[in-house]
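This briefing goes through the assembly shown below by topic, taking domains, elements and chain contacts in turn. Please read it with the structure open beside the text.

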Amino acid sequence: MTDTLVVDGGRTAGAPPAARRSWAWLGVLPFFAFLFLFLIVPALSVFWNAFDTKKGFSFSAMGEAFSGQNLDAFWFSVRFSAGSAAVGVVFGTLLAYAAATATRPRWLRNTVTSFSGVAANMGGLPLAFMFLALIGKQGVLTKVLKGLGWDLYSGDFELGSVPGLITVYSYFNIPLMVLITLPAIDGLKPAWREACANLGGTSFTFWRRIGLPVLAPSLLGGFLLLFANSFSAYATAAVLTDNSMIVSRRIGFFLGGDVSIGENAVGFSLAAWMIIIMAVSMGLYWVARQRAERWQS
Amino acid sequence: MSLAGLDDPLNEGPPTAPTALAPAPVGRPNNSFARLVPNVVLIVAALFFILPLLALARFAMQKVPTVLWDWDTLFDKWSLKPLAVAFGEPEFWPAFRLSLKLAAGTVLLTMLLLLPTAIWVHLRIPRMRPVIEFVTVLPYMIPAIALVAGIKLVKPHARWFLNSDLSLIPFYVVLALPFTYRSIDAGLRAIDLRTLVDASRSLGSGWLSTIGRVLIPNLRTAIISAAFLTAAVVMGEYTIARLLLIDSLPPYQRILVGTDTQAGFGLNLLALLGTTSLFVFVSVLTKKRDRKRKSFAYAATQLAASQEPSPA
Amino acid sequence: MTTLDFISVRKTFGTTVALHSFDLDVREGELITLLGPSGCGKTTALRIAAGFEFADSGAVLVGGADITRTVAHKRNMGMVFQSYSLFPNLTVAKNVEFGLRTRNVAPVERHHRVAEMLELVQLTPFADRYPHQISGGQAQRVALARALAVQPRVLLLDEPLSALDAKVRTTLRDEIRRIQTEVGITTLFVTHDQEEALAISDRICVMSQGQVEQLGTPTEVYRTPTTAFVARFVGSMNEFRAEVTGPGEVAVAGSRLGAPGAIGFVTGTTLSMLVRPEDLSLGDGGLLGTVTSVTFQGATTLIGVRVDVFDQLVSADIGQGAADHLQMGDRVSVLINGANAVCEPA
């Protein structure tokens, strides 16, 4: 597909290239203006407030937002997000591999992909209630496990703890990983496997020297995406627990009160830090994805 | 909201089942042990994904308290009635209607904004496509919780606009952007846009007519998919609504659990089934479109090839 | 002695019989092509040799040793696949080196060998490129280098040229033949392109529906096809309705001509007679027809003639001189030389 087709419907075919190009940009102006107004402006005001600009420029709020209890919260959130991402990557890849290599029954692969497409978007309230129903204090599985001798809540486990959140978030992280990884696994050409065997390599050789390296960008990208996904989730966490160590919840607490701009600079700083972390993760994800696609064509 | 709109490197659109062309499986396990592992994984996965759903259903529909719940009471007192309780509550209908209005408004605004933009980009500045694609990742960099912080700050400066509940709509458009842009982009790539436009224009049709009578009917699947996905996103959006104190459906879903647990669970179950069916529907639609597209694309290239030298 | 032998190899996939009872002896240093349409079993035979499929019954021997049940990665054969077989995450040099690494060859020797191989396929400057940075033809040369680097006993090629452009195909096939003779390696080549097979093979094994139709040199297979399938598949054929009028004699639209291929058929039988374009000539007393096309090919001219009596298109390869002034629409008389014709019941 050529991208030298910077020709329009023939109307200004005689116009000099520079003029043609700048005219074309105008067409996307409404779109960019819209994004600017409703996405960039709010984001910028968060940063504006985080830097306490009313009183002149100051890093103090940003600093405070990254120390003490707030720092503990960031660390906690990074832990459960990374943990959740790791679980998602491992099980998602396994599931994708199982689905990709299953030849009978024939509906299996399609079922897994369809289901993943749906489950990956299941976040929010119903997810929280599902798990409250399953392993909450009154949950059905909790009861069953107690009957089998394992009291989930004997220690300080709660749904808002790291293991709890990892479990709940896996519900959408694993399918999301499946969706990312399936095309990558499909992209592993059979000829590579056969060529490897032909040259004297075993299964292990293949995965070690070709399979995993080729999958690596997808796996890394998947990790980053899942991390970002878990870190920024709010709704599910809000219903599951009161734990203020979850950064998104923390921001919610700050915002829940009255917006008194000066005093809540810390709250906005928290939001600003979250934006920074998300921007970095998603940026790296984007790079990883470009790499992965290169090997899939 | 999850980041699922980004996952598909094949750019086929939002996370729906990629068309399974059943490629030759790589490294298919040869011995029986290795064949066992994938099967075990599948079974465990199936359990993990179904059990929470069943648990929710049980809490929603079975009037047996957990303390008394046991093998003998397993099938007692199941009833669909608690699901209907929500519909009788006074606050439900306004909340539901508001969410519907928000969804409809978001879909409309999305189409008005995205369709012309996407068509324009595809036709005039294909080079910009990667840039636009990146731009659609932006909403993920500014997650809902951070966005709402910004909105709260901006609100006092635009009171006349932001006081209405419907002021949420543009922000929902932003939130749904990754899904909707991908959907429409996939639709545009599935049709031979250039040829259709040139054919239509050469037959005397103006731009608006071309868009309305040629492009939109051919983009039906993409538009419907985008609409359904948007609806699913809006109907389930909790974060912004809650923090801006908007009385849409999701905040009510939570409130109801507080007042009448079983009815609340029932409502959440229904909401889950509702959004799920929207996604399933989209998935079915896009699979049908992709299967048809293969023959359309072939026919289109035959037609194009017969008229001019094929582009390099 | 690196010979490759198939002995009564049989393979079924479900209800389809891919190979009935396949026998083939590939002599040392020889290049044999398995030629046939898709589904004829040629690829199956190759994959059984490579170890990616296992024969249901029968045996495969390399240098006399039975490898029928040996697992693929222990067979020490080189294989070139149809396309996309280079490992995308490794450079050209590292691809070529791969087999040497799995055999734990020392680094110094590895580098030496890789350089040697790249020199052989004339891709030395590309050593540090990645597969996505080179063309299809270059990729296949790298694949060849990679396969030969480990000095395998047998070289297997699975339609290596099918995915390439026409021009690259011809140059590369000559390259492959040159390298194969230079190295002297026993080679099994699979293709559906008969022109390819004729150009590079020592012997050709024409296959159809899991059976061997004919095994012979290119000349034998072309000039003296033993079955109608081979006659049609290799080169092009004209088909005439003929009646047997005597031993080795047939009549085509009334005129009699000698046809050794008709020996053995009872007088009066109607036959389908297959005649090569070069066995048709222009001259008086033959089948009358109208010229529909004239294609100058240099040494010969290919003319299409719509023969009146059969209303059928035939092509005749006419030597220079005879066709000099022919134009579309001219009336001509076509003579048939039945000496090499293949006959089968109509």
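In this predicted model, chain C is divided by the domain assignment into domain 1, covering 4–229, and domain 2, covering 238–345. The C-alpha centres of domain 1 of chain C and domain 2 of chain C are 39 Å apart, and the contact between them involves 4 residues of domain 1 of chain C and 4 residues of domain 2 of chain C. On the side of domain 1 of chain C that touches domain 2 of chain C, the residues comprise 2 nonpolar, 1 polar and 1 charged.

**The open sheet of chain C**

- Chain C holds an open sheet of 4 strands, which are arranged in the order β2-β1-β4-β5 with antiparallel pairing.
- The edges of this sheet are formed by β2 (16–26) and β5 (65–66) of chain C, each of which pairs on one side only.
- Strand β1 of chain C, made of residues 4–13, runs antiparallel to β2(C), and the two are joined over 7 bridges.
- Within this part of chain C, Phe6(C) is placed opposite Leu24(C), a residue of β2(C).

**Helix α3 of chain C**

- Helix α3 of chain C takes in residues 107–120, and its 14 residues should span 20 Å at 1.5 Å a residue, which agrees with the 20 Å that separates its end C-alpha atoms.
- Arg113(C), Val114(C), Met117(C) and Leu118(C) are the buried residues of α3(C).
- Because the buried residues of α3(C) fall within an arc of 135° when seen down the helix axis, they line one face of the helix.
- As background to such a pattern, an α-helix has 3.6 residues a turn, so residues three or four places apart point the same way.
- The other side of α3(C) carries the exposed residues Val108(C), Glu109(C), His112(C) and Glu119(C).
- Among the elements that cover the buried residues of α3(C) are α2 (92–102) and α4 (136–149) of chain C.
- Gln122(C), which comes just after α3(C), has a positive phi of about 60°.

**The loop that holds Thr226 of chain C**

- Thr226(C) belongs to the loop that lies between α7 (218–223) and α8 (228–233) of chain C.
- Is Thr226(C) buried, exposed or partly exposed? Thr226(C) counts as partly exposed because it has 15 C-beta neighbours inside 10 Å, whereas a buried residue would need 20 or more and an exposed one 12 or fewer.
- Although Thr226(C) and Glu213(C) are 13 residues apart along the chain, a separation of 7.8 Å is found between their C-alpha atoms.

**Chains A and B, each taken alone**

- Chain A contains 13 helices and 0 strands, and its elements, read from the N terminus on, therefore follow the pattern α-α-α-α-α-α-α-α-α-α-α-α-α.
- Of the 297 residues in chain A, 54% count as buried.
- When contacts in chain A between residues at least 6 apart in sequence are considered, 74% of them join residues at least 24 apart.
- Chain B has 14 helices and 0 strands, and along the sequence the pattern is α-α-α-α-α-α-α-α-α-α-α-α-α-α.
- Of the 312 residues in chain B, 44% are buried.
- For chain B, 78% of the contacts between residues at least 6 apart in sequence join residues at least 24 apart.

**Where chain A touches chain B**

- The contact between these chains takes 90 residues from chain A and 87 residues from chain B.
- On the side of chain A that touches chain B, helix α2 of chain A (residues 29–50) gives the most, with 12 residues.
- By class, that side of chain A divides into 59 nonpolar, 23 polar and 8 charged residues.

**Where chain A touches chain C**

- In this contact, 17 residues of chain A meet 18 residues of chain C.
- Both α9 (190–198) and α10 (203–232) of chain A supply at least two residues each to the side of chain A that touches chain C.
- The largest share of that side, 6 residues, is contributed by α9(A).
- By class, the side of chain A that touches chain C is made up of 9 nonpolar, 5 polar and 3 charged residues.

Definitions and conventions: Residues are numbered from 1 along each chain as its sequence is written. Chains are lettered from A and ligands numbered from 1 in the order in which they are written. This is a predicted model: local features need pLDDT of at least 70, side-chain atom pairs count only at pLDDT 80 or more; totals for chains, interfaces and linings use all residues. Domain bounds come from an automatic or database domain assignment. Two residues are in contact if their C-beta atoms, placed from the backbone, lie within 7 Å. Ala, Val, Leu, Ile, Met, Phe, Trp, Tyr, Cys and Pro count as nonpolar, Asp, Glu, Lys and Arg as charged, and the others, Gly among them, as polar. The expected span of a helix is 1.5 Å times one less than its number of residues. The arc is that of the directions from the helix axis to the C-beta atoms. Two strands pair if DSSP finds at least two bridges between them.
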